[in-house]
Amino acid sequence: MYPHFDSFLTETEARALASDPARVAAHSFYPFILYHQRWTKFTAKGTKGKVKERPIRFAARADAYIFSYYRHLLSAPFEARLKELDLGDSVLAYRRIANPGGGGKCNIHFALDAVNAIRKLGNCSAIALDISSFFESLDHEMLRARWCDLLKVSRLPPDHYAVFKAMTRYSVIDREGLYERLGFWGQKHVSRDGVPIKGFLVDESAIPLQLCNGTDFRQKIAGGNGLRSLIEVHRKPYGIPQGSPISDLLANFYLMQFDKVVATRVRELGGAYFRYSDDILIVAPIEADAAVDLEAWVRQEIVCHGPKLQIKAEKSAIFRYWGTGGDQTWIRIAGEQGKNGIEYLGFRYDGNSMFLRDSTLSGLQRKAASSAMRLALSLVQRYPGKSSSDILTDVNLSTFLQRYGRVHDFESKADNVKNWTFWTYATKAASITAPLGLPIFKQLRNYRRNMRNHVKRALEKKA
């Protein structure tokens, strides 16, 4: 349940709309509502981390039902094509892949598979790459050609073309500007320097789930009554909105030809190719010089599949491994990522064991400090007159630990465990990756101790 422009549809109404090609072809799609998911990258103490952001656009309810249904329609031919191209074990994200132990695989299993590939080859090189601004770089004409190829048609049917157009020539409205226009957001305070400070003017729960009716949308949002329109149309010949129910599938099948070319070359070398959305890992029994050449070739190859697609050299890392069994030695021969071992899908491998990625834990500790301060303030207000040590003895820290800790890295890489907290995710990861991942439990012990210290220091300041 989220605020948007259209009213609710029953399941029957939604199915009737999405499954009727004529209605889909004639459907008027609302603009996406845009917000930015922001986080600060971990950096050394005393320095300011780089703020990163990901634009998230979410669709109106009827539009989302249509996108979901067409994702369903395209999933079967997509899976068939992956099988035909022998890419089922290489293209990993946004798919349900059966786990031999039961259920479906998530990024924890995929990270373990990649590490096992390194250990199986023994003397090998591993190349980690990251596609920059993946969703924002997809070429529209190439996407349409891939879509036609998937359906085995020369021209998209009118209903599929309507969905294609809604995902390429889409429009957006910034959520903050929208809420300000509707009176839900605005100036609340003025700083000491005279700078206006904005915030919600109403409780967020009071914002209606249908933001306005059609008349108000035209008059207040789309430029009626002399007001400036809040609608921004995406006119570039590349880029699709990240966050819609169909975006992930489109991005996945867009790169199938690239995946096939690279996977074929890697397999000819006796190696393995893995791609999880924009994260690529190549493992091959080749020497360091050959690995450097292969990495450069992959960066050149991806441009052939879209002029805006790019793998930056500084976002690549190349590692060389020696040894088999439970003990491998390694060196990093190129790149800045993974100073303590190769990193993939939120995990690190040091030649012997798997760990949670260092920057994930370090960044979490920083977030923990502010969370602990809020907890300490509420505890001091709840138990006036008690000492900080008495409060700390009484507080159920385990509940706090298990509740706290949504981690950006895990949310973006683990599509079927999005409701897990850091604690549940990390303990599950340690169990799935055991025995390689048993050191994760030690990381969690340190995490528990550090969180307790954060709360203790916060209480001493507030008490």
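1. Y70 is buried, with a relative accessible area of 1%; buried means under 20%, exposed over 50% and partly exposed in between, using a 1.4 Å probe and protein chains only. Y69 is partly exposed at 29%. This is a predicted model, in which local features need pLDDT of at least 70, side-chain atom pairs count only at pLDDT 80 or more, and totals for chains, interfaces and linings use all residues. Residues are numbered from 1 along each chain as its sequence is written, and side-chain values use heavy atoms, with hydrogens and water left out.

2. The model has 21 aromatic pairs. The ring centres of Y69 and Y70 are 5.8 Å apart and the planes stand at 80°, so this pair is edge-to-face. The rule takes rings of Phe, Tyr and Trp (its six-membered ring) with centres within 6.5 Å; planes under 30 degrees apart are stacked, over 60 edge-to-face, and the rest tilted. One aromatic cluster is formed by F29, F32, F67 and Y170.

3. The secondary structure comes to 17 helices and 14 strands. These are DSSP runs numbered from the N terminus, with helices being H or I of at least four residues and strands E of at least two. Of the 463 residues in the chain, 48% count as buried. Among contacts with a separation of 6 or more, 68% join residues 24 or more positions apart; contact means heavy atoms within 4.5 Å.

4. R61 belongs to helix 3 (residues 61–84) and is buried, at 6% relative accessible area. Its charged end sits over the ring of F8, 4.4 Å from the centre. For this label, NZ of Lys or CZ of Arg must be within 6 Å of the ring centre and within 35 degrees of the ring normal. Apart from neighbours within four places in sequence, R61 is in contact with Y2, H4, D6, S7, F8, L209 and Q210. R265 is placed likewise over the ring of W297, with its charged end 4.3 Å from the centre.

5. Two residues named in the previous point return on the surface: F8 and L209 form a nonpolar patch with M1, with about 350 Å² of accessible area together. Patches take residues with over 30% relative accessible area and no salt bridge, joining like charges within 9 Å and nonpolar side chains (Val, Leu, Ile, Met, Phe, Trp, Tyr) within 5 Å. A salt bridge is a side-chain nitrogen of Lys or Arg within 4 Å of a carboxyl oxygen of Asp or Glu. L209 is partly exposed at 31%, in the loop between strand 6 (196–200) and helix 8 (214–221).

6. The accessible surface of the chain is about 22800 Å², of which 50% belongs to carbon and sulfur atoms. Areas come from the Shrake-Rupley method with a 1.4 Å probe, and for residues only the protein chains shown count as cover.

7. Some backbone geometry deserves a check. The peptide bond from A434 to P435 is cis, with omega near 5°; P435 is in the loop between helix 16 (422–433) and helix 17 (439–462). K152, not a glycine, has a positive phi of about 60°. K152 lies in the loop between helix 5 (140–151) and helix 6 (158–168) and is exposed at 66%. S277, also not a glycine, has a positive phi near 60°. S277 is found in the loop between strand 8 (272–276) and strand 9 (279–284), and is buried at 5%.
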